[in-house]
Amino acid sequence: MSTITPPRAPGRSFTPPPAPSKLRETIGMLAVTLVFALAVVLADANWPRLLEAPAVLGEFVVLMTQGVLQNPLEAPTNEYWTRSLELMIESLHIAWIGTLIGAILSFPLGFLAARNVAPPGVVVVVRQILNAIRAIPEIIFAIAIMLPIFGLGPLAGALAIGVNSVGTLGKLTSEAIESIDTGPVESARASGASRWQVIRYAMVPQVMPEVVAYWLYRFEINIRASAILGVLGAGGIGSILSALFNIRAWDRIGVTLAVIIIVTLIIDAISGSIRHRIIHGAAPRGVRRRRALTPEPPPV
Amino acid sequence: MSFSAPSTLATSPALPVRLAGVGRTFAGADGAPDRTVLRDVDLDIAAGEIVALIGASGCGKSTLLRQISGLDVPTEGDVTIDGRHVVPADQRCAVAFQEPRLLPWRTLTRNVEVGIPRTLGREDGRQRVAELLELVQLSDSANLRPRQISGGMAQRVSLARAFARGPGVLLLDEPFGALDALTRLTMQDLLVDIHAVEPATIVLVTHDVDEALTLADRVVLLGRDPDGAPGASIRRIVEVPGQRPRDRADAELAELRAELLDALGVDSHHHAH
Ligand SMILES: Nc1ncnc2c1ncn2[C@@H]1O[C@H](COP(=O)(O)OP(=O)(O)O)[C@@H](O)[C@H]1O
Ligand SMILES: [Mg+2]
């Protein structure tokens with residue numbers, strides 16, 4: 001029995017590059033924040049002091065470590081921990097709302113950017129928009145677009161993160177759509193389903209697991225972004241960091257950084273395991289999803 | 001077999017199909033040479049006729065059905081249904097694919113529902129789905145999902161989905177291929193019964209010569225000319241005598257069977273007396 005292999009939509013290859021190490025990413029993010037902070041601290045410095053930087057940095061690290069090692073149940077250290085945690089949760093909220101905005105906006109755009117759904121003209125235009133969004137970092141969005149309209153604060157941060165997420169999420173969604181199995185789509189079409197029904201019955205259920213996994217992945221990235229945006233005044237954990245750098249409260253900075261690292265790693269672990277379950281199915285019932293995809297999306 | 005027509009039929013009348021000089025050449029990917037699969041296919045199919053399409057595996061039978069359904073476009077020639085050109089995914093046709101191609105995330109009921117014309121009301125549509133599942137003997141499995149059923153059951157769901165619209169032209173690509181022998185005979189009878197009550201023009205691909213002779217008015221043999229140009233064309237058309245339902249043991253049919261098997265290059269072990 002021979003089977004027609006329908007021409008597959010040109011899609012991405014199914015072996016995304018290996019997962020970036022989350023720990024490295026987190027440390028990298030903190031390093032950037034630290035450099036930011038040092039830049040603030042050393043802004044009034046003259047050049048010769050730059051030579052002392054390594055020594056000064058070592059001193060800071062020692063101070064920060066002391067902060068972390070102090071008994072967290074005693075005042076004032078317990079205050080540091082709870083306050084940092086509160087602000088970290090605010091950062092999570094900002095990231096969550098931002099991701100939600102990104103997911104909602106990117107979903108229809110993903111379909112409009114998919115060659116097997118939208119007419120070529122629409123695809124070209126939407127892809128250019130997505131490319132343009134991806135080319136601009138959140139920070140620029142936050143400073144240039146959101147701050148003037150909404151003022152400094154969590155809303156501006158969430159919107160900046162949301163709009164920025166649309167770029168990558170839209171692209172990944174369109175690629176997932178282009179690489180779907182055409183069999184069900186064609187059979188629905190041939191059975192008389194309308195274009196809208198074909199999308200609803202044959203396409204959306206097929207791409208949904210992959211797309212939700214991308215949303216979660218993007219949430220993980222957005223947590224880091226919201227922490228950094230906070231330094232600029234968008235609320236959350238970043239805002240206290242910049243305040244602490246100004247008063248050079250190194251022990252408190254140490255506690256704050258520890259909270260960021262711990263919470264980020266915990267969320268990554270949870271989100272990563274959910275993504276794995278979505279893509280590979282829940283192991284106990286032996287249910288296998290559509291295809292065995294490598295759980296990590298391509299780097300964005 | 002007793003059979004009563006579904007009460008909610010929304011059947012469109014059977015429509016004539018005409019293939020004129022149809023050819024299909026696939027462009028070679030990445031510098032590979034072009035591949036001519038079909039050439040010069042001329043065939044007139046009367047409204048309500050059943051045509052069986054037989055031929056070696058890979059000779060282009062499924063490809064020919066795709067030209068009629070408008071899921072593919074011929075590179076040569078024209079296909080018309082009822083005098084009008086076929087349009088992409090032509091709604092006058094219904095297709096049962098060689099693979100069942102069900103939607104894995106929908107129950108059998110909801111899969112058949114995809115084929116129900118939207119002009120039919122909600123209640124009527126629901127009733128028709130139930131009747132169709134009853135016809136293909138799957139009422140008990142109506143709420144299962146495709147991964148919970150066997151290949152033969154899936155093929156019957158696909159058949160019910162194709163019947164759902166009461167199409168003018170019904171294109172069936174090896175619809176009984178995955179069925180066990182007994183179910184296959186039952187389904188063949190069912191097709192004859194449905195066709196008697198609800199006549200559609202049917203083009204049926206099969207590799208079973210007996211099935212072709214039992215069901216069809218004409219059997220069309222598709223194949224390549226060994227010395228000719230590349231691409232399969234119609235090698236032979238056989239009129240099947242008698243009325244349906246036909247006696248599977250008929251002697252005249254046995255002659256035709258031997259002839260067709262011979263043309264397919266299969267030794268039939270049949271010796272004419
Ligand atoms: N979309 C396609 N692109 C290229 N070649 C195709 C395509 N569809 C079918 N073919 C080729 O056409 C030939 C006939 O296929 P098919 O119609 O499925 O044969 P059959 O149904 O008779 O077994 C095969 O050799 C197949 O490789
Ligand atoms: Mg075939």
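Over residues 229–247 of chain A the chain is 84% helix and 0% strand, with its end C-alpha atoms 20 Å apart; helices here are DSSP runs of H or I with at least four residues and strands are runs of E with at least two, both numbered from the N terminus. This is a predicted model, in which local features need pLDDT of at least 70 and side-chain atom pairs count only at pLDDT 80 or more, whereas totals for chains, interfaces and linings use all residues. Residues are numbered from 1 along each chain as its sequence is written, and chains are lettered from A and ligands numbered from 1 in the order in which they are written.

**Confidence and annotated spans in chain A**

- Chain A has a mean pLDDT of 80, with 79% of its residues at 70 or more, where pLDDT is the predictor's confidence in each residue on a scale from 0 to 100.
- Over residues 1–20 of chain A pLDDT stays under 50, and the model has 31 contacts beyond four places in sequence for this stretch; two residues are in contact if their C-beta atoms, placed from the backbone, lie within 7 Å.
- Residues 284–296 of chain A also have pLDDT under 50 throughout, and for them the model has 20 contacts beyond four places in sequence.
- An unreviewed UniProt entry annotates residues 26–43, 93–118, 139–163, 229–247 and 253–270 of chain A as "transmembrane region"; the positions follow the numbering used here, feature names are shortened, and such annotations may be inferred rather than shown by experiment.
- Among these annotated spans, residues 253–270 of chain A are 100% helix and 0% strand, and the end C-alpha atoms of the span lie 26 Å apart.

**Overall form of chain B**

- Chain B contains seven helices and ten strands, and its C-alpha atoms fill a box of roughly 55 × 55 × 35 Å along the principal axes.
- The radius of gyration of chain B is 19 Å, which agrees with the value near 19 Å for a compact globule of 273 residues; the radius is taken over C-alpha atoms, and the globule rule is 2.2 Å times the number of residues to the power 0.38.
- Of the 273 residues in chain B, 43% are buried, a residue being buried if 20 or more other C-beta atoms lie within 10 Å of its own, exposed if 12 or fewer do, and partly exposed in between, with C-beta atoms placed from the backbone.
- Among contacts in chain B with a separation of 6 or more, 70% join residues 24 or more positions apart.

- Strand 7 of chain B (residues 169–173) is largely enclosed by the rest of the structure, because five of its five residues are buried.
- Both of its faces are covered, with Val169(B), Leu171(B) and Asp173(B) buried on one side and Leu170(B) and Leu172(B) buried on the other.
- Strand 7 of chain B pairs in the parallel sense with strand 6 of chain B over four bridges, pairing being assigned if DSSP finds at least two bridges between two strands.
- Within this pairing, Val95(B) has Leu171(B) as its bridge partner in strand 7 of chain B.
- Strand 8 (residues 201–205) of chain B runs parallel to strand 7 of chain B and is joined to it by five bridges, and Ile202(B) in strand 8 is the bridge partner of Leu170(B).

**Where the chains meet**

- In chain B, 22 residues are in contact with 17 residues of chain A.
- Helix 1 (61–69) and strand 6 (93–96) of chain B each supply at least two residues to the side of chain B that touches chain A.
- That side of chain B has nine nonpolar, eight polar and five charged residues, with Ala, Val, Leu, Ile, Met, Phe, Trp, Tyr, Cys and Pro counted as nonpolar, Asp, Glu, Lys and Arg as charged, and the others, Gly among them, as polar.
- Helix 7 (residues 182–190) of chain A has seven of its nine residues buried, so it is largely enclosed by the rest of the structure.
- The cover over the buried residues of helix 7 of chain A includes helix 8 (195–234) of chain A together with helix 1 and strand 6 of chain B.

**Backbone geometry**

- Most residues other than glycine have a negative phi, and most peptide bonds are trans.
- The peptide bond from Arg244(B) to Pro245(B) is cis, with omega near -5 degrees, and Pro245(B) is placed in the loop between strand 10 (232–239) and helix 7 (251–263) of chain B.
- Glu174(B), which is not a glycine, has a positive phi near 45 degrees; Glu174(B) sits in the loop between strand 7 and helix 5 (181–197) of chain B and is buried, with 21 other C-beta atoms within 10 Å.
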